[in-house]
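Me: Please show me the model, and then let us go through its contacts by question and answer.

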Amino acid sequence: MPPNEIWITIDGQALKVPPGITILEAARLAGVEIPTLCYHPSLTANAVCRLCVVEWRGSRTLVAACAGTVRPNAVILTNSRRVRTARRTILEMLAASVDLSDAPDLQALLAEYGGDPNRFGEDAARRTFDGVKADNPFYVRDYDKCVLCWRCVQVCADDVQHTYALGFNGRGFHTEIATFFDAPMPDTTCVFCGNCVGVCPTGALKGKREYLWGG
Amino acid sequence: MPPDRIIPTTCPFCGVGCQIQLNIKDEQILRVTTDFELAPNYGQLCVKGRFGVDFVHHPTRLTTPLIRKDIVPGQPFAKARKAASLAEGYRAASWDEALDLVADQLAAIAQQSGGDAIGAYCCAKATNEDNYIFQKLVRTLLKTNNIDHCARLCHAGSVAGLMRTIGSSAMSNSITEMEHLDTFLVTGSNTTYAHPVIALSLKKAVDNGARLIVIDPRRIELVDFATLWLQQRPGSDVAVFQAMAHVIVSEKLYDVDYIVRHTEDFAAYAASLTPFTPEWAEQVSGVPADKIRQAARLYANAHSAALYWGMGISQSTHGADNASALVNLAMLCGHIGKFGGGLNPLRGQNNVQGCSDMGGLPNVYPGYQPVGDAAVRANFAAAWGVDLSPANGLTAVEMVHAVARGEIRAFYIMGEDPMTSEPHLTHARHSLENLDFMAIQDIFANETALYAHVILPAASFAEKAGTFTNTERRVQRVRPALNPPGLARPDLDILLDLARRLSQRRGIDTRQGWEYAGPAAVWREVGQVAPDFRGITYERIAKVGIQYPCPDEDHPGTLYLFADGVPRGRGKFWPLDFQPPLETPDEVYPFNLSTGRLLYHWHGGTMTRRSALNDIAPQPVVEINPADARRIPCADGDLVRIASRRGEVTARVEVSDRSPVGTIFLPFHYAEAAANLLTLDELDPAAKIPDYKNTAVAISPAETHDWQMILH
């Protein structure tokens, strides 16, 4: 029988937690806040953004708190210098390449971590696409603002809607969220539930009404 | 863009009752968001709830009371006639003038011809409080039980079938239970269109390993998720269910313990099943006998299995039989009264459950207490302090017929649109033109409104307070986020004002009077007369709704019904005979017409045709099977004329194998191609519901259409 509770240490604080919970959940039990971006409590955690990484004593790399689960006697640092450097760099790379003007939470994190949005200089590559896609009556897609968190893809697939209208096109830096063959939304399986809009953290997906309003 | 304020409330569309947040900026709805923590939808919405509520800002909202121009004080009124337009037919009036006129007319007609000369439609979209006061007004001040609403045209078949077998008609399980099911049977419900967020739970259940049986003539989206799909011929539902019961009995798959403890008449019922073999059912329904056996075994052998159904079962002249057949199956297998196991008619309107609960029906007071029971009647007479009519009232379609016979002289209609939703509209129109007086209370001038003598502008869901009850019996708060446009007033406000004027003219005083300190006070009175709601207070449901029955304030609410047996005492097995539909295709009218809903529209279209939703589905489209399209012949995008014995409409063709060969599908949302010009107004003898799924029609190519999207 596995134990009902295990001992772990988070930021020097020893506590008993249920085995199998994520580091993020354990940190919340300890009253420790870890920043997240791609993580959403209603969706599968894929740990793609790496913003929630923590240092786990004995682990070679930093571990994503949203997906990594605690083990007995884990010693975890959520705000060490190494962690802060990693987070700051992630935020700086996002700020350099993506339009974060509609993502006040990310801007606040950038400031909190002392990030410099111009760290990579004038020549830093930006992810820009050909304008706002307004191909349906209900919502618009502005992929200049997309940080590739995958939430929209997951909510459209097995996590909620089972409609599979959204996926990925391209690779690496050129990856973008797209429909199959980039078809306009009305030609896809999309049922316009807007659950993707509801989970978008950066304003890349937005109700058309709100977009036309001027936001 | 940050909103000025965020108001949590309940979605105004279907019976799922999703919790939404109206984000308001500059007195407009900027966007709709939702709380991921809250039942019943946990952050999920469909297109209607998220993008379709902009109808509240539509320029055609009614903003002032209107009176017909041809009304001259002191002169007799012209009968109800359709006005060409609001501008031509009506003049603006003050609330005092309009309400005095309504009160004068209703009082005079009640005086001259008795209260039963008045018919009233309450509203499955209005709040519980609106509907409670409405039926109280009708019963105490007009002294009639002629009150009904559109539930008659949707789940009356289910209600009749459930009441005679188990004695309760509400959905017995909850949405949260669905993900834990191991087997479920969905029949006559295009759940992904009509209850999209409930469909998400069904899909999740399949992900979790549940087995889904779909019994439906149309290849609906859920078929993609099904273990078994039984494609019966339209109208042959009872044959399939009876044959499943035959298999369960002959293979002894039934739950002896449940049958012995909780049911009666099993022996007679089991004997009655002998002729209904799967082979016989294959002849009648076209479903292979083997598939019927598989479905019966899957359902009977499940640990917990639930039945979900919609209009395909209920909207039939044998709707009560369809529902009884399903009850028989559940009782045979003991799949009732347990977690995840039960009987679940999916309710269509946001508050159709609540409207019925509040007594918006001709034969019951609030809480389904029968009008015909002298003791019950005496209780209500004592509670309200007035004498009450002992006679059951007329149902919706019967009221229209009674108008034609001159027995009903006046209609008072709150928020309903019988001129779109009634069957055989041409007949309904002729009936309405016989009315001496008609008043309507609504947010838009719908098809029915233009017949009215007086039109009263009401507040929308976003502009008033109260509660809605969703399909799983969850009473949820509705909160005002905006001010009503112009002079429009919340329904409750209008009704109470009218009641005060009527009370004076009729010389009738109720115990409580007609001054209430808001909807919360009305809700408290509901709890006093209907014990199932007594434990639900506005404070308790401030954040999350509570599922009735909830008899006291310490009661947590009821997740699933019938844990201790059914309300009737013992569930009654109901032997059935197979009846084919009343109208079947023949040489002149060779196709069967089924009507129903699209994902993007809502009922008569009064709201959705005035929202962003209309941009994606602006025109009436008829679904035709490829084989039929070759036979007609017609192609995708062509115009066709669809004619029945009662009328004809024009629609654009969508060739699709969703509809089976021989059956076409036409949504009923489009007034310019009203499906109900075609349908038949014959009624189920037990439920008084018409058949919207079986009409014989002919199809011919059309060159032009005369559609006008008429928004008055």
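Reply: A salt bridge here is a side-chain nitrogen of Lys or Arg within 4 Å of a carboxyl oxygen of Asp or Glu. This is a predicted model, where local features need pLDDT of at least 70, side-chain atom pairs count only at pLDDT 80 or more, and totals for chains, interfaces and linings use all residues. Residues are numbered from 1 along each chain as its sequence is written, chains are lettered from A and ligands numbered from 1 in the order written, and side-chain values use heavy atoms, without hydrogens and water.

Me: Which residue of chain B forms a salt bridge with A:Glu210?
Reply: Across the interface of chain B and chain A, the rule finds one salt bridge. Its closest N and O atoms are 2.4 Å apart, and the partner of A:Glu210 is B:Arg31.

Me: What area do chain B and chain A bury between them?
Reply: Contact (heavy atoms within 4.5 Å) joins 28 residues of chain B to 25 residues of chain A. Buried area is the accessible area (1.4 Å probe) that two parts lose on being put together, summed over both. Carbon and sulfur atoms carry 58% of the total, which is about 2,200 Å².

Me: How many salt bridges are counted between domain 1 of chain A and domain 2 of chain A?
Reply: Domain 1 (6-79) and domain 2 (139-213) of chain A have bounds from an automatic or database domain assignment. They bury about 810 Å² between them. For salt bridges between domain 1 and domain 2 of chain A, the count is zero.
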